[in-house]
Amino acid sequence: CVLRQRQERSPLQKLLDYLLKGLEKRDPQQFFAWPVTDHIAPGYSQIIHQPMDFSTMKQKIDENQYSSLNEYIEDFKLMCNNAMVYNHPETIYYKAAKKLLHVGVKMMSPDKLKPLHSVLT
Ligand SMILES: COc1ccc(OC)c(-c2cc(C(C)=O)n3cccnc23)c1
């Protein structure tokens, strides 16, 4: 068998890995760690047509599917927005998503990332 060369991680992949770890820490109950199933959330797949979760984002990083930080941020916002569409505002999931979204957007704001500018260009 041909040994799978360990693929070289690009600077962007390393940055996205680093940011993902920071975001996952803000989800201690792991509500966003795995895809939401219809089993735990009745009717989910009929309401949410573009599901997203941290494990899928991790896979996309490893498969080099993100060509920019903005594409990655879009998936993060999609994940949080899905939870705020499916769940009612008084649920723990809606509240967790709202909080995570604010923390994440702040964490990945331009001024926060400026010091890493060399990696992004
Ligand atoms: C109660 O423990 C868990 C464990 C994993 C979950 O999603 C991966 C969820 C979960 C995560 C969500 C979301 C993110 O909408 N959700 C919605 C309704 C019912 N459960 C969930 C809950």
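**Notebook: ligand site, core and loops**

I started at the ligand: one of its oxygen atoms is 3.0 Å from an N or O atom in the side chain of Asn87. I count that as a polar contact, meaning a pair of N or O atoms within 3.5 Å. Within protein, the term also asks that one atom can donate a hydrogen and the other accept it, and residues adjacent in sequence count only if both atoms are side-chain atoms.

Ground rules next. This is a predicted model, in which local features need pLDDT of at least 70 and side-chain atom pairs count only at pLDDT 80 or more, while totals for chains, interfaces and linings use all residues. Residues are numbered from 1 along each chain as its sequence is written, and side-chain values use heavy atoms, with hydrogens and water left out.

**Entry 1**

An oxygen atom of the ligand lies 3.3 Å from a polar backbone atom of Phe31. A ligand nitrogen is 3.5 Å from an N or O atom in the side chain of Tyr93. I then checked the cover: the protein takes up 75% of the 490 Å² of accessible area that the ligand has on its own. Accessible areas here are Shrake-Rupley values with a 1.4 Å probe, and for residues only the protein chains shown count as cover.

Which residues are around the ligand? I listed Phe31, Phe32, Trp34, Val36, Ile40, Ala41, Asn87 and Tyr93. To be listed, a residue needs a heavy atom within 4 Å of the molecule.

**Entry 1: aromatic pairs**

I searched the whole structure and got three aromatic pairs. Rings of Phe, Tyr and Trp (its six-membered ring) pair if their centres lie within 6.5 Å; planes under 30 degrees apart are stacked, over 60 edge-to-face, and the rest tilted. Phe31 and Tyr93 make one of them, edge-to-face, at 4.8 Å centre to centre with 75° between the planes. This pair links distant parts of the chain: Phe31 sits in the loop between α1 and α2 (44-47), Tyr93 in helix α5, and they are 62 residues apart.

Phe31 is partly exposed at 24% relative accessible area, and Tyr93 is partly exposed at 38%. The classes are buried under 20%, exposed over 50% and partly exposed in between, with a 1.4 Å probe and protein chains only.

**Entry 2: the core**

In soluble globular proteins, nonpolar side chains tend to be buried together.

Where is Phe54 found? I placed it in helix α3. Phe54 is buried, at 1% relative accessible area. Leaving out residues up to four places away in sequence, Phe54 touches Leu20, Leu23, Glu24, Asp27, Phe32, Ala33, Phe76, Met79 and Leu100. Contact means heavy atoms within 4.5 Å. I also took one C-alpha distance: Phe54 and Lys21 are 9.6 Å apart in space and 33 residues apart in sequence.

**Entry 3: Asp75**

Is Asp75 buried or exposed? I found Asp75 buried, at 8% relative accessibility. Asp75 is in helix α4. Beyond four places in sequence, Asp75 touches Met52, Met57, Lys60 and Tyr66.

**Entry 4: positive phi**

Gln30 is not a glycine, yet its phi is positive, about 60°. I located Gln30 in the loop between α1 and α2. Asn64 also has a positive phi, near 55°. Asn64 is in the loop between α3 and α4 and is partly exposed at 46%.

**Entry 5: the whole chain**

I counted seven helices and zero strands. Helices (H or I, at least four residues) and strands (E, at least two) are DSSP runs numbered from the N terminus. Buried residues make up 34% of the 121 residues. The C-alpha atoms fill a box of roughly 45 × 45 × 25 Å along the principal axes. Of contacts between residues at least 6 apart in sequence, 65% join residues at least 24 apart. The accessible surface is about 8,400 Å², with 57% belonging to carbon and sulfur atoms.
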